[in-house]
Amino acid sequence: MFDELKPCPFCGGKAHLFVNNGVRVICPKCEASTKILVDGMYRNKVTGNATKSVIDAWNKRFSEDTENE
């Protein structure tokens, strides 16, 4: 359903999806985390996809290709 979480970019720890009054990804080893996001409602329809957004943000890595530009 969603992409698998990559290891923490800071310490290499195993990241976890945490859901409580919103959703975020947290590394319990070093406590790095994404922003807390929530889905919205508009006319009785859910807007956005907070879970996919935080997973995509966590899995995004700085590319060595852009470092040389």
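The structure is a predicted model: local features need pLDDT of at least 70, side-chain atom pairs count only at pLDDT 80 or more, and totals for chains, interfaces and linings use all residues. Residues are numbered from 1 along each chain as its sequence is written, and side-chain values use heavy atoms, with hydrogens and water left out.

The chain contains four strands and two helices. Both element types are DSSP runs, numbered from the N terminus: helices are H or I runs of at least four residues, and strands are E runs of at least two. Along the sequence, the order is β-β-β-β-α-α. Strand E1 covers residues 16–19 and runs antiparallel to E2, with four bridges joining them. Two strands count as paired if DSSP finds at least two bridges between them.

The chain has 69 residues, and 23% of them are buried. Buried means under 20% relative accessible area, exposed means over 50%, and partly exposed lies in between (1.4 Å probe, protein chains only). The chain exposes about 5600 Å², with 50% supplied by carbon and sulfur atoms. These areas come from the Shrake-Rupley method with a 1.4 Å probe; for residues, only the protein chains shown count as cover.

The largest nonpolar core holds ten residues, including Cys-8, Val-25, Ala-32 and Trp-58. Such a core is a set of buried Ala, Val, Leu, Ile, Met, Phe, Trp, Tyr and Cys residues joined through side-chain atoms within 4.5 Å. Strand E2 (23–26) and helix H1 (50–59) each supply at least two residues of this core. Helix H1 gives the most, with four. Ala-32 touches Cys-8, Phe-10, Val-25, Ile-26, Cys-27 and Trp-58, leaving aside residues up to four places away in sequence. A contact means heavy atoms within 4.5 Å. Among contacts between residues at least 6 apart in sequence, 38% join residues at least 24 apart.

A disulfide is a covalent bond between the sulfur atoms of two cysteines. Here it is taken as a pair of cysteine sulfur atoms within 2.5 Å. The structure holds zero disulfides. The sulfur of Cys-11 has its closest cysteine sulfur in Cys-27, 3.5 Å away, which is too far for a bond. Cys-30 is also in no disulfide; its nearest cysteine sulfur, that of Cys-8, is 3.6 Å away. Cys-11 is partly exposed, at 28% relative accessible area. Cys-30 is partly exposed, at 35%.
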